[in-house]
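Colleague: I have this one open for the first time. Can you walk me through it?

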Amino acid sequence: MRIDHVHLARLDLNLLVALDALLTERSVTRAAGRIGISQSAMSHALGRLRTTFSDELLTRGPDGMRPTPRALALIEPMQAALAQIQRITAPPAAFDPDTADITFTLGIPDSTEVLLMPNLIAHLQARAPGVKLLLHTVDRHRILDDLDSGRVDLGIGVFEQGQTHHKRRILNKESYLCLFNADLVGLEPPISLDDYLRFPHLLTSLVESAHGVVDDALAKIGRKRVIALTSPRFSVMPFVVRQAPVIATMHSRLARFFADSMGLTVSPAPVDLPDVAISMIWHVSSDAVPSQRWLRETIVTLRRTM
């Protein structure tokens with residue numbers, strides 16, 4: 001059903017509250033006391049209701065006020081409408097992680113997923129077993145639209161500041177490290193720029209571009225690298241590095257995690273690269289929602305794992 005905003009704008013929806021009280025109490029005096037207004041104000045509201053509905057609604061009888069057939073037909077849909085309005089306007093319910101049954105949708109790159117999800121899921125299973133996560137691959141160029149549309153509850157990744165109706169909190173600041181198989185490339189850290197450029201490189205790009213922050217930094221000093229593979233997935237890189245004489249340059253925590261897990265080697269990048277901030281970003285409308293606030297605070301507590 002299409003909403004007629006012009007028609008609704010002419011109505012005082014408080015009249016529905018008055019009508020509900022009148023039909024419940026069948027008395028102007030008792031109805032006025034029920035909603036905390038004077039008897040004369042309730043009488044005035046009844047007059048306006050009669051005009052609005054073109055019906056007497058309540059008539060006097062020997063045993064008090066009696067609803068008309070039109071009024072009786074209004075009771076059920078009116079109370080359903082008031083209940084819906086109450087649900088819409090009620091403050092968010094308190095959140096109890098022990099008993100909650102809820103699914104959060106996160107926009108998150110697999111680099112952060114690899115570092116955060118093991119500890120986060122273990123935490124949820126121990127503290128909030130009914131809480132479930134639905135993960136989407138994050139697109140930092142579309143994340144604001146996803147938050148605005150409600151497709152995503154929370155974004156985690158490398159984001160610029162959003163608009164005025166978005167909030168952002170930095171979780172970690174990252175430097176870069178090179179990741180390689182020392183046995184295959186014959187290098188030991190720290191590697192030189194010439195050695196760095198002797199080998200093909202792996203690039204992770206979420207925007208389908210074979211150009212990244214390393215290429216910008218090399219261009220400033222008149223150098224260039226050869227990129228053998230561009231992929232949107234960070235998690236594939238250590239498997240390629242383990243098998244091939246190539247170098248991947250990635251965020252330091254992720255590089256150390258892969259090195260420790262798969263027997264690989266890390267080295268500082270031999271080119272000046274800017275630090276990068278890993279942030280959470282969310283819509284301001286969810287800022288005070290207890291369940292959403294709990295999720296963000298939980299992630300902040302676990303951020304040392306990222």
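Predicted model: local features only at pLDDT ≥ 70, side-chain atom pairs only at ≥ 80, totals over all residues.

Colleague: Okay, which residues touch the most other members in the largest nonpolar core?

Modeller: Ile156 and Ile299 do, in a core of 22 residues. A nonpolar core here is a set of buried Ala, Val, Leu, Ile, Met, Phe, Trp, Tyr and Cys residues joined through side-chain atoms within 4.5 Å. Buried means under 20% relative accessible area, exposed is over 50%, and partly exposed is in between (1.4 Å probe, protein chains only).

Colleague: And which elements give two or more residues to this core?

Modeller: Those are β3 (102-107), α6 (110-127), β5 (154-157), β12 (276-283) and α13 (290-301). Another core, of 21 residues, lies apart from it, and Leu23, Leu58, Leu74 and Leu82 are among its members. On the labels: helices (H or I, at least four residues) and strands (E, at least two) are DSSP runs, numbered from the N terminus.

Colleague: Switching to helices: at what angle do α2 and α5 pack?

Modeller: At about 125°, with the axes of α2 and α5 (residues 69-89) 10 Å apart. Axes are lines fitted to C-alpha atoms, for helices over the stretch in contact, and angles run from 0 to 180 degrees between N-to-C directions. That makes α2 oblique to α5; under 35 degrees would be roughly parallel, over 145 roughly antiparallel, 65 to 115 roughly perpendicular, and the rest is oblique.

Colleague: Which residues meet there?

Modeller: Leu16, Val17, Leu19, Asp20, Leu23 and Thr24 in α2 meet Ala71, Leu74, Ile75, Met78, Gln79 and Leu82 in α5. Contact means heavy atoms within 4.5 Å.

Colleague: What about α2 and α3, how do their axes cross?

Modeller: The axes of α2 (residues 14-25) and α3 (residues 28-35) come within 8 Å and cross at roughly 130°. On the α2 side, the residues in contact include Val17, Ala21 and Leu22, and on the α3 side they include Val28, Ala31 and Ile35.

Colleague: Now the loop between α2 and α3, what is phi of arginine 26 there?

Modeller: Phi of arginine 26 is near 55°, a positive value in a residue other than glycine. Most residues other than glycine have a negative phi, and most peptide bonds are trans. Arginine 26 is partly exposed, with a relative accessible area of 33%.

Colleague: And leucine 57, buried or exposed?

Modeller: Leucine 57 is buried, at a relative accessible area of 0%. Its phi is also positive, near 65°, and leucine 57 sits in the loop between α4 (39-53) and β1 (58-61).

Colleague: Where is the cis peptide bond?

Modeller: Between proline 189 and proline 190, with omega about -5°. Proline 190 lies in the loop between α8 (182-185) and α9 (193-198).

Colleague: Last one: what does phenylalanine 257 contact, leaving aside its neighbours within four places in sequence?

Modeller: Val114 and Leu115. At 34% relative accessibility, phenylalanine 257 counts as partly exposed.

Terms used:
Residues numbered from 1 in each chain as written. Heavy atoms only, no water.
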